[in-house]
Amino acid sequence: MIIDIHGHYTTAPKALEDWRNRQIAGLKDPSAAPKASELRISDDELRESIEKNQLAKMKERGSDLTVFSPRASFMAHHIGDFQTSSTWSAICNELCYRVSRLFPENFIGAAMLPQSPGVDPRTCIPELEKCVNEYGFVAINLNPDPSGGHWTSPPLSDRHWYPIYEKMVELEIPAMIHVSTSCNACFHTTGAHYLNADTTAFMQCLTSDLFREFPTLKFVIPHGGGAVPYHWGRFRGLAQELKKPLLKEHLLNNVYFDTCVYHQPGIDLLAKVIPVDNILFASEMIGAVRGIDPETGHYYDDTKRYIEASALSAEDRHKVYEGNARRVYPRLDRALKARGL
């Protein structure tokens, strides 16, 4: 089985975006604010949005199951207040749940949290619990920067985040550390802000002793870890100067990386530098990079091609495609076993 642990609902029917635009307009003019009940998207519309897009490409490229979450750039936690984010998160998570019900063999959910700058993360727990306990979701996306590129929140090692971590440990779910839209003109959302955040999250973990306090906590750092594989020597050296244990002991029982890296040399480097037990297959399809690479004639985000062309053994490819995901996402593993897989 090939499990893609990084998929977003980027092809949701336009009615979702229209509702969101009305919600944002309502922040200035409350009379324009829509009710959640005013959003009406039929099952047929959901089927069409998936069958013609994600599902079609999954079949073409040979992947079986996607861990599916709301569109990352649409999270936009910096907009409005907690109530704004709470309503928006509930709507987006419910749509992903409905997709997972319509296509149970192909999609399983991961939750967007109703984060808001300056708001206690405890406020996210009811939505988190609903998504895991009622919807059967197997993970969450945790935004380390709800301010949208201004980094006003404490680092991930701060006790500010502990209520989320405690709930993650209790429910046996990992978090993908994933920012949203950048509203800072210095940082392009998908080309800079995402990759900056990946690198930043790793460094925040490196400089702390977070995993001594939470030995079973699991983070997935997407997009191949940002700068991490390329600068592994720098991170090893900094850990040494800080008198931290070797990175294998300090972080690699808790931190994992996906394969959303869109060229062969990048995947080859990832597989050479990062232990194979810490690499999980992902494509982010249909996501930030949707075009065809003129050098290869294939889609940039067809990451399975890169894994197949890498020097990984058949045993190691199995780990990347399936084994590691089942270990890092225990609820996913149990859901698959319940289906006899």
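In which helix does Tyr194 lie? Tyr194 lies in helix 8, where helices are DSSP runs of H or I with at least four residues and strands are runs of E with at least two, numbered from the N terminus. The model is predicted, and local features need pLDDT of at least 70, side-chain atom pairs count only at pLDDT 80 or more, and totals for chains, interfaces and linings use all residues. Residues are numbered from 1 along each chain as its sequence is written, and side-chain values use heavy atoms, with hydrogens and water left out.

Leaving aside residues up to four places away in sequence, Tyr194 touches Ala72, Ser73, His178, Val179, Ser180, Thr189, His223 and Glu284, contact being heavy atoms within 4.5 Å. Tyr194 and Gly149 are 45 residues apart in sequence, and their C-alpha atoms are 9.6 Å apart in space.

The largest pocket holds about 340 Å³ of space. A pocket here is an open set of points on a 1 Å grid over the protein atoms alone, where a 1.4 Å probe fits, with protein on both sides within 12 Å along at least five of seven lines, and lining residues have an atom within 4 Å of a point. Its volume is the space filled by probe spheres set on the points, which are joined across faces, edges and corners. Of the 17 lining residues, Leu195, His223, Cys260, Val261 and Tyr262 are the closest to the centre of the pocket, and the elements that give two or more residues to the lining are helix 8 (189–206) and helix 12 (264–273). By class, the lining has 11 nonpolar, five polar and one charged residues, where Ala, Val, Leu, Ile, Met, Phe, Trp, Tyr, Cys and Pro count as nonpolar, Asp, Glu, Lys and Arg as charged, and the others, Gly among them, as polar.

Helix 14 (residues 314–328) and helix 15 (residues 330–338) pack at an angle of about 115°, with their axes 5 Å apart. Axes are lines fitted to C-alpha atoms, for helices over the stretch in contact, and angles run from 0 to 180 degrees between N-to-C directions. The two helices are therefore roughly perpendicular to each other, the word used for 65 to 115 degrees. The contact is made by Ala325, Arg326, Arg327 and Val328 of helix 14 and by Pro330, Leu332, Asp333, Leu336 and Lys337 of helix 15.

**Backbone features**

Most residues other than glycine have a negative phi, and most peptide bonds are trans.

| Residue | Phi | Loop between |
|---|---|---|
| Ala76 | about 40° | helix 4 (72–75) and helix 5 (82–102) |
| Glu172 | about 60° | helix 7 and strand 6 |

Ala76 counts as buried at 6% relative accessibility, whereas Glu172 is partly exposed, with a relative accessible area of 39%. A cis peptide bond joins Met285 and Ile286, with omega about 5°, and Ile286 lies in the loop between strand 9 (279–280) and helix 13 (303–309).

Note on methods:
Parallel < 35°, antiparallel > 145°, perpendicular 65-115°, else oblique. Buried < 20%, exposed > 50% of the residue type's maximum accessible area, 1.4 Å probe, protein only.
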